[in-house]
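Subject: Structure handover

Hello,

Here is the structure for your files. Notes on the side-chain contacts follow below it.

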Amino acid sequence: RDETGVFRGISLNTSKPTVDEARRELHAKLEELSATHQQEFPQGDNSQRKLEILVPHSDVSTDRLHRNFKYLLEDAGYSPARGLIKEMSFAFTDLDGNFRRDFQTTGFDGRLWDLYLYAFFYEQKFLIGNADAVPDLVVEKGGYRIAVEATTVNPTQDVAPPSPKSPAEEKELNQDYMPIKWGSILFSKLRRRYWENAHVTGIPLVFAVHDYQGPGTMCWSLPALSDYLFGVRCDDNGNDHPIESHTMGIKVIPSGFFRLPDAENISAVIASNEATLAKFNRIGKIAGFGNPATRILRFGACLNLETLSGESFQSETEVGIVNESWSAGIWVFHNPTAKHA
């Protein structure tokens, strides 16, 4: 590891005449370095300091720690997520200098979404740029650059988050309540005009959104995002119906985010409902982090592609048997009128 905790190449020699000679030299070098008992190998080319996001911030009192951060830090059942997030933090760049404090306090959900997106783009073999804090990421692959701004749906102040008791109640909330929640954050981001920043001009700009307004709300709120983005709702028979607006009390917003003025500057909206500690725990388990005795059970409902109906499932996350990617659970909604596809 280098001074930031990242695994690095520390000794390079090339063009060996045979594989056997290369192996002999490799083993000799390993013995030489092991004999020094050195744990850190500074490379002198990185000004970034190690991001110890799991070490409680000295300026944050215990009573201010986010409850999910406490689970992550103390609960034995989350040891796979704890090991994974610690390893990820070494490579993650804190551009605005607030990541550690936010992650431990009121910004836990948003910062977990940042980590998830970082892992997702890394998994998809994007080069992740670290030059600017606004927008959050500029990634590159195959010579194409994409700017990404992340945001979240948060609880409404002094209002309890919805807790539907049936599919019918979920459907009702997705008619107007959730489109207005999605619309509020996306419209506020649109007004920031990120496309006018010099390093964003001329490249696709993507908004990445996640719902954290209450426990479990992300399990049912995602369908409303598609309705709001395109201003079209599909009924139970597969027929499309245009939507003009969404109303909640005295608040009315136009439907069809991609039709709004200036929305042509947004190439797509990325969304997920899986940036949770449970997801980090499962992938951490698969990657071999944490206590190997930890058992992780997953249950819920999924689509049966043969019958096109929902069915319940239950599985146990086991190394070598169950695999899961960061991409599973990511949705990309493309803007049909975008300037930059």
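A salt bridge here is a side-chain nitrogen of Lys or Arg within 4 Å of a carboxyl oxygen of Asp or Glu. By that criterion, Glu274, Lys279, Arg282, Arg298 and Glu324 are joined in a network of salt bridges.

The model is predicted, so local features need pLDDT of at least 70 and side-chain atom pairs count only at pLDDT 80 or more, while totals for chains, interfaces and linings use all residues. Residues are numbered from 1 along each chain as its sequence is written, and side-chain values use heavy atoms, with hydrogens and water left out.

Salt bridges

The whole structure contains 18 salt bridges. One of them pairs Lys189 with Glu149, with the closest N and O atoms 2.7 Å apart. Lys189 belongs to helix 7 (residues 177-190) and Glu149 to strand 3 (residues 144-153), so this pair ties together parts that are 40 residues apart in sequence. Helices (H or I, at least four residues) and strands (E, at least two) are DSSP runs, numbered from the N terminus. Lys189 and Glu149 are both buried; buried means under 20% relative accessible area, exposed over 50%, and partly exposed in between (1.4 Å probe, protein chains only).

Glu316 and Arg295 form another salt bridge, at 2.8 Å between the closest N and O atoms. Glu316 sits in strand 11 (residues 309-316) and Arg295 in the loop between helix 9 (277-286) and strand 10, so parts 21 residues apart in sequence are tied together. Glu316 is partly exposed at 22% relative accessibility, and Arg295 is exposed at 61%.

Arg193 and Glu196 also meet through their side chains in a salt bridge (2.7 Å, N to O). Arg193 is partly exposed, with a relative accessible area of 30%.

Aromatic pairs

There are 17 aromatic pairs in the structure. Rings of Phe, Tyr and Trp (its six-membered ring) pair if their centres lie within 6.5 Å; planes under 30 degrees apart count as stacked, over 60 as edge-to-face and the rest as tilted. Phe230 and Phe258 make an edge-to-face pair, 5.3 Å centre to centre with 65° between the planes. Phe230 is in helix 8 (residues 223-230) and Phe258 in the loop between strand 8 (251-254) and strand 9 (268-272), so the pair ties together parts that are 28 residues apart in sequence. Phe230 is partly exposed, at 30% relative accessible area, whereas Phe258 is buried, at 5%. Elsewhere, ring pairs link Phe69, Phe92, Phe99, Phe103, Phe108 and Tyr118 into a cluster.

Regards
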